[in-house]
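The structure is shown below.

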Amino acid sequence: MALEMRRVDEVIQRRLQSEVGLIEQIGHYIVGAGGKRIRPRLVLLFAQALGYNGNHHYELAATVEFIHTATLLHDDVVDESMLRRGRPTANAVFGNAASVLVGDFLYSRAFEMMVSVGDLRVLEVLAEATNVIAEGEVLQLMNMHQPDVALESYLQVIRYKTAKLFEASARLGAVLAAAPPEVEEACASYGRALGTAFQLVDDLLDYQGDTSTLGKNVGDDLREGKPTLPLLAAMQRGTPDERQLIRHAIEHGEVQRLGDIVAIVHRTGALEVTRQAALREAEVARDSVASLPPSHAQKILLEFPARSVDRSF
């Protein structure tokens, strides 16, 4: 997809232009840091898989990347993160205020871009997605430092905060191709399941990976007091002493005994519990697009879920 993604990058570079130099500087800093660009790829792949022949998919692919980038800027300020994609976060370099305000600019520019497509359904999809993402951010904030969070509450945060933009990206390809409602829903189901699987693996890697590979600090989730599935499963399966250690670490965002907690997560099989949950979501994603017309794009979509689960960063 190199040629297709270059077209998207051209849109991103053009749309980042501003008379305010700091906006361009921070925008280029975070967008230029790389990343997997899965969300824009989903827009392109579903548009191709369903026979879309126009050019609006490039604009919308860039739009979802802008929305994603805005959430990253805001997330890093809220989480007080210092490292992302292997280098200092924008807030660490430029300060919290500038990061939040440039995040706001990217959100507003994204809405300007989606309006340019001239399709009310596109506006509905992305307006709902950004609203749900914001709800997910607040839900996650409410769950912070709460070791007794229910599994369903944890999964709801994932579906709102992460999977919703995957879902919207997949749905947009179907909307552009004027696909029937049942096909649009199948595409949305794919994005939702893929996004959930992707986040589950992210949560797993926080206790399995290393900083140089992940591009972020290992143990950040624990430091931020996030009760993710590896910790929830370890508490359920561990001894009373192990359970108390993890509870205390979540409640206080304590990473002094991170090594002990990682050992518990491994010993109890909590990582495998998390991986199996991700594999189930990946299977839901594959099943959702199995009935699409055979094409190169469909083939990639069928392979995508397994590749998202079987990764180290």
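## Helix α15 and its buried face

In this predicted model, the buried residues of helix α15 are Ala 270, Leu 271, Thr 274, Arg 275, Ala 277, Ala 278, Ala 282, Ala 285, Ser 288 and Val 289. Viewed along the axis of α15, these buried residues fall within an arc of 160°, so they line one face of the helix. An α-helix has 3.6 residues a turn, so residues three or four places apart point the same way.

On the face of α15 turned away from the buried side are the exposed residues Arg 280 and Asp 287. The cover over the buried residues of α15 includes α3 (38-49), α9 (181-205), α12 (229-237), α14 (258-267) and α16 (296-309).

## Length of α15

Helix α15 runs over residues 270-289, which is 20 residues.

## Aromatic pairs

A pair of aromatic rings is described by the distance of the centres and the angle of the planes. The count of aromatic pairs in the model comes to 3. One of the pairs joins Tyr 29 and Phe 94: the ring centres are 5.5 Å apart and the planes stand at 80°, over the 60 degrees required, so this pair is edge-to-face. Because Tyr 29 belongs to helix α2 (residues 21-31) and Phe 94 to helix α5 (residues 90-94), the pair ties together parts that are 65 residues apart in sequence. Tyr 29 counts as buried, at 17% relative accessibility, whereas Phe 94 is partly exposed, with a relative accessible area of 23%.

Phe 46 and Tyr 190 form another pair, with ring centres 5.3 Å apart and planes at 75°, so that pair is edge-to-face as well. Phe 46 is in helix α3 and Tyr 190 in helix α9, so the pair ties together parts that are 144 residues apart in sequence. Phe 46 is buried, with a relative accessible area of 0%, and Tyr 190 is buried, also with a relative accessible area of 0%. Both of the helices that carry this pair, α3 and α9, are among those covering the buried residues of α15.

## Arginines over ring faces

Two arginines are placed over aromatic rings. Arg 87 lies over the face of Tyr 29, at 3.9 Å from the ring centre; the ring of Tyr 29 is also the one paired edge-to-face with Phe 94. Arg 311 lies over the face of Phe 198, at 3.8 Å from the ring centre.

How values were computed. Residues are numbered from 1 along each chain as its sequence is written. This is a predicted model: local features need pLDDT of at least 70, side-chain atom pairs count only at pLDDT 80 or more; totals for chains, interfaces and linings use all residues. Side-chain values use heavy atoms; hydrogens and water are left out. Helices (H or I, at least four residues) and strands (E, at least two) are DSSP runs, numbered from the N terminus. The expected span of a helix is 1.5 Å times one less than its number of residues. Buried means under 20% relative accessible area, exposed over 50%, partly exposed in between (1.4 Å probe, protein chains only). The arc is that of the directions from the helix axis to the C-beta atoms. Contact means heavy atoms within 4.5 Å. Rings of Phe, Tyr and Trp (its six-membered ring) pair if their centres lie within 6.5 Å; planes under 30 degrees apart count as stacked, over 60 as edge-to-face and the rest as tilted. A charge sits over a ring if NZ of Lys or CZ of Arg is within 6 Å of the ring centre and within 35 degrees of the ring normal.
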